[in-house]
Amino acid sequence: MPHVLGVIGGDGIGPEVVAEGLKVLAAAGVQFDSVPYDLGGARYLQDGTVLTDEILDEWRGLDALFVGAVGTPDVPPGVIERGLLLRMRFELDLYVNRRPFRDPDGSFEFEVIRENTEGAYAGEGGFLRRHTPAEVATQGSVNTRFGVERCVRYAFELARGRPGRHLTLVHKTNVLTFAGDLWERTFNEVAEEYPDVATAYNHVDAACIYLVEDPKRYDVIVTDNLFGDILTDLGGAVSGGIGLAASANLNPDRTGPSMFEPVHGSAPDIVGTGRANPTAAILSAAMMVDFLGETDAASRIRAACADPTTQVGTTAQIGDAISERV
Ligand code: IPM
Ligand code: MN
């Protein structure tokens with residue numbers, strides 16, 4: 001049975017990199033049917049559509065979603081991010097954002113598990129006396145025992161299956177004493193069930209230094225939504241650039257489709273130039289088929305992407321070179 005994939009090319013370089021991802025999947029012998037969805041900033045500017053309940057319901061019947069990049073500078077901030085991407089993450093309960101990083105020379109490799117449905121992204125807060133000199137804006141961070149624990153458990157399971165068997169909690173417990181306390185206690189309690197996994201704790205500011213100066217110390221990192229957002233851009237920057245950084249937005253309970261997208265954005269400044277590296281999208285496609293049980297195809301795609309001879313030329317040339325090696 002072919003996998004049924006919802007495909008959102010999106011904006012900017014999104015459609016360019018998604019095309020290469022699908023090309024590589026086909027070359028790797030993966031059987032799939034793709035269902036295209038025209039969504040993102042461009043669609044919003046055409047007819048005001050961000051995401052409808054009907055589309056969301058349709059998605060619940062798919063095997064997975066593959067997204068290029070969404071967002072355009074001519075749409076006010078938040079409209080597409082909150083209305084499409086975050087709505088997807090929240091409504092499909094994609095509570096784990098898994099982001100693996102590997103240095104191109106193979107000298108280090110780690111994964112970040114970012115909580116994906118709570119924290120500062122939950123949208124808690126509001127305005128008082130807006131547009132007056134006395135205006136107030138609050139933006140809370142929502143952390144539930146349930147949400148933290150399921151994410152932390154996923155990270156421990158992942159760490160247990162890796163040779164390093166090491167998990168680091170990253171937070172800011174010295175200042176965010178409420179949320180930090182909940183995260184730290186949950187982490188320590190779950191750790192008792194995983195005596196085979198060694199643990200560590202880093203404050204997020206220190207973790208930024210370590211990621212730059214000594215990334216080898218990390219095996220698996222678990223952290224909250226906003227810290228994870230920031231740390232994973234840094235992770236991309238220290239491991240070959242954001243053009244290589246893949247991500248999986250997972251519903252580990254498989255009560256619906258999971259979503260796979262590169263960490264990078266729509267890069268409108270380079271659209272149409274062939275300068276976008278499709279590897280992040282291709283590696284995201286590999287994570288997708290891995291999650292769907294095609295572990296052999298996924299490892300062939302990862303190996304092809306790691307071959308430095310594939311990493312030269314235009315968007316399509318990189319996609320072709322990877323396709324030839326899978
Ligand atoms: C990411 C992106 C998104 C996020 C934006 C586009 C909403 O930066 O996937 O890392 O902040 O999660
Ligand atoms: Mn980000």
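In what follows, Ala, Val, Leu, Ile, Met, Phe, Trp, Tyr, Cys and Pro count as nonpolar, Asp, Glu, Lys and Arg as charged, and the others, Gly among them, as polar. The model on screen is a predicted one, and the tour begins at its ligand.

Select ligand 1 and display the residues that surround it, which are Glu81, Leu85, Arg89, Arg99, Arg114, Tyr121, Asp229 and Glu261. Colour this shell by residue class, and it divides into two nonpolar, no polar and six charged residues. Next, highlight helix H4, residues 79–91, which gives the most to the shell around ligand 1, with three residues.

Now turn to the arginine side chains and look for their contacts with the ligand. In Arg89, a polar side-chain atom lies 2.7 Å from an oxygen atom of ligand 1, while for Arg99 the corresponding distance from a polar side-chain atom to an oxygen atom of the ligand is 2.8 Å. Select Arg114 as well, where an N or O atom of the side chain is 2.8 Å from an oxygen atom of ligand 1. Taken alone, ligand 1 exposes 320 Å², and the protein buries 77% of that area. If you switch to a surface view, the space taken by ligand 1 is the second largest pocket.

Leave the ligand for the last stop, a cavity. A search of the whole structure finds one cavity of 30 Å³ or more, and about 30 Å³ of space lies in the largest cavity. To locate the largest cavity, select its lining, namely Glu115, Glu118, Gly119, Val142, Asn143, Val148, Trp183, Asp224 and Asn225. Coloured by the classes used above, this lining divides into three nonpolar, three polar and three charged residues.

Notes. Residues are numbered from 1 along each chain as its sequence is written. Chains are lettered from A and ligands numbered from 1 in the order in which they are written. This is a predicted model: local features need pLDDT of at least 70, side-chain atom pairs count only at pLDDT 80 or more; totals for chains, interfaces and linings use all residues. Side-chain values use heavy atoms; hydrogens and water are left out. A residue is near a molecule or strand if one of its heavy atoms lies within 4 Å of it. A polar contact is a pair of N or O atoms within 3.5 Å; within protein, one must be able to donate a hydrogen and the other to accept it, and residues adjacent in sequence count only if both atoms are side-chain atoms. Accessible areas come from the Shrake-Rupley method with a 1.4 Å probe; for residues, only the protein chains shown count as cover. On a 1 Å grid over the protein atoms alone, a cavity is a set of points where a 1.4 Å probe fits but cannot get out, and a pocket is an open set with protein on both sides within 12 Å along at least five of seven lines; lining residues have an atom within 4 Å of a point. A molecule sits in a cavity or pocket if more than half of its atoms lie within 2 Å of its grid points. Helices (H or I, at least four residues) and strands (E, at least two) are DSSP runs, numbered from the N terminus. Grid points are joined across faces, edges and corners, and a volume is the space filled by probe spheres set on the points.
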